[in-house]
Amino acid sequence: MSQMTRFLLVLMLCGLCSAYPGIFQSPKIVNKIAKLLTEDCFSSDVESSEGFTEFLQRVDEKLRNMMMEMMNKTYSNFSNSSTMRFPQEVTPFTMDNQTMGKMNKTYGNFSDSSYMPFMQKMDAARGCPRVNVPVFLMLYHYTMKDDEYGQKLMGCVEKSCSSEMAWSLVLTNLTSLHPPVLKLLLWGSENHLLRAKADTIRKLPNARDSKQLQLMMRFFCERYHQLSKEMRMEIFLWARRSMLSSHCSDGKMPPRTNQSIPALNSSRDPSRDDCGPRWINNKRLAVLGIFIIHAPDEDFKQIRPEQLCDLYNNGNFSRWLSQKDNLDPRRAKHLLVKLKIYCTDRAQLWNVSRLGGLACFYDNAESVDKEKAEALLSYMKSCRNKGAKENFTILLRHLAQKQVLRKEFLSEIGPFASALSSRQLTKISDSDISDVIGDLGQGRGWSKRQCAILVKKFLRHKGQVISGLDLVRLGSLVKGVNSKVLSNVSGDQLLWAAKKGLEEEAGAMSDFQRRVIVQTILVKVNSTACIKSLSGPLLKELPLSAIQHADVRNLGNLTDKPWNKAQALHLCQVLLSNGSMSASKFSQLGALIQGVTCQMLDAYSARFGMQLGQALGNVTLLSRKQLMCAAQNFRDAVKQLGPNANREMVMNFSESIPSSVVPFLGEETISRLYKNNCKTFLKKMAEAQLDLLPRSSPARELLRERALRCLNTPVSALNASEVDQLGMMVCELTGQNISDLSDQAFNASMKYLCKCQQFHPSASLSLDRCLRRTLGPPSGWTGDTVASLGTMVALLQEDTIQQLPNSTDIKEALKKFLASQSRHRSIPLPEFQTGFDLAGIQKKFFQIIYQKSQVETGSRTALKARSCSSALSSEQILELGQANTEWSPEQLDCMSVQTFNETVYVLAAVDGFSKEQTLTLKGKAIELWGPMSSISPENIENMQCIMVSASPSELRAMNISSIDTLDRMSACSTWSQEQRTALLDRYLEMNKMDVESLGSIQLIGLGGFICAMNGSCISQLQKNAVRLATVSLGKLRCGTDTMDALKDKVVEEFGAPKMWTRAEVTDLGNIVAGISAQELKTLNPEVMGYINSEAVILIPPNRFQELSVSQLENLSPEGAAAVTDSQKALANEEQKEAVKRALGPSNFINPVAPSHSPRLGSFGPSALTRALLTLILLLAAFP
């Protein structure tokens, strides 16, 4: 160790390192310190506070011992002289007189002749603390970038509890910490703080010193976008509390008065505002920074005009409010109004750099000239605020109207061009589109129609020839490429394109488009190469037959891929059948876990033993059937433990069981594992997904009551901490439970309730009442309030929904909620229903958008037709989406043909229009394009579900030549058999085809129109085409005759039903419903769990009754839940009981009324209590 390093260590231990950061400019010194810290860090248990404290003590001891040895050898004449002889290496660093005196005073007469143990001198030295958290953080700060050890040290420190300990020091010592030390501790606590709950800020004492407050708020402001929403609000409340506590006697806000905003020249006494309703002065506003947007409305509105003017005139808005800050649109417009009235004229407001994030909310596009619009548009590209996208779209379209749309303009707006209307896109020249297609393809938010328009222009300029490179250049626009173009690209080019980015975009394409790509690839490329090259949405479209013919022996290349269930079943059968896989490898199966059968779980559980829980890995991919099988294996393992197993072994085993499995274990097993281990049980229940259980399962109520008994507290007395222990179990609380919660407990439960996908049937009314009690009248709720409710919004009563303000922020919150629910496909089975009735929400959303046309805002009656003077606008229709069903036929008839032309693709995709509404829309199409027979194929495709209003004779006269058109229309569920037949016949006629010539791509695209075929037609289909289109055919819900014919056809390829594998049954889907009664009897019970719920519904009752008890009890829970009343009516009692067993855990007894055990670790009366009760009863029996 060099003399320089030794000197550094002395300074470090004397707390002087921060005064001499220049020392750390020496790479040699940094390296030595980093090495010492790293070696000790990795050899210590630094994740616990005790272990980290021991680590600091060892570092301290090592450094002191080193220095004792160094100093005894080096400084033989360290006396009270006025000069100190430091090694030459240290000479660039001079010490001031105060520090020099301190060193001389401490180390006087330090010579070899008068040796004194250096450790004692160091311990006795004033101002020389041992290595503690701040000193460690300082060393870490200077050594973390060391080339050799820095990254290792960073990794070790990140997993240590140093960050948590640093924040703990801030919490306990804030008022006494000097700014440099506070700054160091804040830096060190960042990792913990970004992961911590908002509660930690509530524990923070008030900052008494203005420098402390400024330093803290600067730290928080710099990390604002990394903090949770709850944390941001708590930081604002803490800052306000700190500000008021330093000037007000009690730190509380006095009652507010309804004061108007004063004029700039009004006289007032600013000092009186420090604790009043206008407590926000210029200095406080500067300290709060972006956190001011979390101020309550009454505070926010009291920001003085002169303060805004100062911010604007000094150019501070850009620092105070950026494009990424989540400012409420109402507040942004409030600030803009104040700026216009008090600070400047409208023309000056176009100094975008001064407006900062407020520029995102300027919505008066019509008043802007081209030059100013371009400046504003350039700035608004970076806006991420709520409501800013709408303003950006309006401004961009307004700017596009002022000029010819050439490639220079398109190149400039690039990815943001999706804001242009379809009508504007049609005016762009084909050659310009071709030149900037790469820029446009980088954008997001393109509609299918916009993509089709741009792709058509691109292809016209290219001469209809397209390559794999062109598909990659198209980027997100690729979803506008039709099947004919895709199938004309060679398979090897498609595979190349998939590896270069096409597969990333394929997620936004339709199922049909993805299947066309895969089918085309397989023409040229073998399935093994496809499996190796594909790794996204396209991989899941590989037919099972292709997987079956591939070489899949290399498991390491398969575990990270997103397989579908049928693929996973086949692969697991090939790869896991020998039973030799280790628990750690098994846990890394990824999506392949879907293919692990109950028989495999049985075999591997015997091999894994106590490691079964670890081996299951990511249980979120396990089906209900798999969870039930896993639970059975855990029950068997518990029995093998025996009654004399030691408590530690039982506890370790109970902790290893995945939370999702616990609800399926059964009462006896749960009692054995968790009877004296409430802590683990509550942890499991807080994480468990109880909506995996049937709604009728007694397990739900029993688990809820046991969890409540574990808390050993009545529901009415639960506190926030106990609610946190329940976690997602609060979704199971009854209406009475919710009503009994205290305000504090209910507030704590809201962060879990907002995520529930199911609620107790009795919870709706109680939740509504509690929300109104907690949040106040709905008329005062904001968009943030509604957004924070999550799925609870769906349980609000109609009058509560109607009382919500008709404001922009409420509209945005409802729009986001409706969109989130549309992405979650509801399971149409009452036992597992996860969707919500959104009619009330949709109606309110519609009312807000159309509020100008309402006679009475918030009316509970259906909206009546207005005069056509208030016709529908394109903006309204585009924003409403599925809520367009709220328009009456009369209102739809008021729509202009131009609006219809711009929005037809949106209206055509709406699911739920009545017959009268679709007839009205059909009339608009005829008004725009002429008779149905003259409508172009492109416009027919755009009309989609509007076409269901056409008669069979009209359909037979239309241009139905594109398979893409039929694919789009097949998604509509209200076609009659006559309409299907007309469309199928017309397609075959126009393409001069017969049924026998249909290929796999045509079969996939026809979709539900195959239901128009009779048995004779289906028998003529090509075997190979049927094999490649199996997945699509398996989704059909045709009549019995058609399903029977499809089954007969697949038998030619897959053999008799008794030979079908699990993977094949999964792939065949609804075709299984075509199996005859005699064939059903021959099905292997082991494949019954892979018959989907829709197929079960389609099985005729007279065939269903032929299934054996063994077959029925092997149904999946979803399959059992799908059994219809008519099927049950013909089943005997044994069969009905078998279906009940298949539905879910049957080893739970009906729960008794809840009690509150006096013992925290027990679910019920102890053995001693039961014995005493028995004795009392026996004694009472004698006279």
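## Disulfides

With -100° about the S-S bond, the disulfide of Cys678 and Cys710 is left-handed, and the two sulfur atoms sit 1.9 Å apart; a disulfide here is a pair of cysteine sulfur atoms within 2.5 Å. This pair links distant parts of the chain, with Cys678 in helix H39 (residues 678-687) and Cys710 in helix H40 (residues 698-711), 32 residues apart. Helices (H or I, at least four residues) and strands (E, at least two) are DSSP runs, numbered from the N terminus. Cys678 counts as buried at 7% relative accessibility, and Cys710 is buried at 1%. For these labels, buried means under 20% relative accessible area, exposed over 50%, and partly exposed in between (1.4 Å probe, protein chains only).

Before going further, a word on the source: this is a predicted model, in which local features need pLDDT of at least 70 and side-chain atom pairs count only at pLDDT 80 or more, while totals for chains, interfaces and linings use all residues. Residues are numbered from 1 along each chain as its sequence is written, and side-chain values use heavy atoms, with hydrogens and water left out.

A search of the whole structure finds 5 disulfides. One of them joins Cys598 to Cys629, with an S to S distance of 1.7 Å, and this link is right-handed, with 65° about the S-S bond. Cys598 lies in helix H34 (residues 598-608) and Cys629 in helix H36 (residues 624-641), 31 residues apart. Cys598 is buried with a relative accessible area of 14%, and Cys629 is buried with 12%.

Cys945 and Cys972 form a disulfide too, their sulfur atoms 1.9 Å apart. Their link is left-handed, with -100° about the S-S bond.

## Salt bridges

The structure holds 40 salt bridges, each being a side-chain nitrogen of Lys or Arg within 4 Å of a carboxyl oxygen of Asp or Glu. Arg460 and Asp430 meet in one of them, at 2.9 Å from N to O. Arg460 is in helix H25 (residues 448-462) and Asp430 in helix H24 (residues 430-440), 30 residues apart. Arg460 is partly exposed at 42%, and so is Asp430 at 21%.

Asp743 and Arg773 pair at 3.0 Å, N to O. Asp743 lies in helix H43 (residues 743-753) and Arg773 in helix H44 (residues 763-775), so the pair ties together parts that are 30 residues apart in sequence. Lys1047 bridges to Asp1048, with the closest N and O atoms 2.8 Å apart; Lys1047 is buried at 6%, whereas Asp1048 is partly exposed at 43%. There is also a network of salt bridges that links Asp511, Arg514, Arg515 and Glu541.

## The second largest pocket

The second largest pocket has a volume of about 1,200 Å³. On a 1 Å grid over the protein atoms alone, where a 1.4 Å probe fits, a pocket is an open set of points with protein on both sides within 12 Å along at least five of seven lines, and lining residues have an atom within 4 Å of a point. Grid points are joined across faces, edges and corners, and the volume is the space filled by probe spheres set on the points.

The lining has 46 residues, of which Asn482, Ser483, Lys484, Ser962 and Asp964 lie nearest the centre of the pocket. H25 gives the largest share of this lining, 8 residues.
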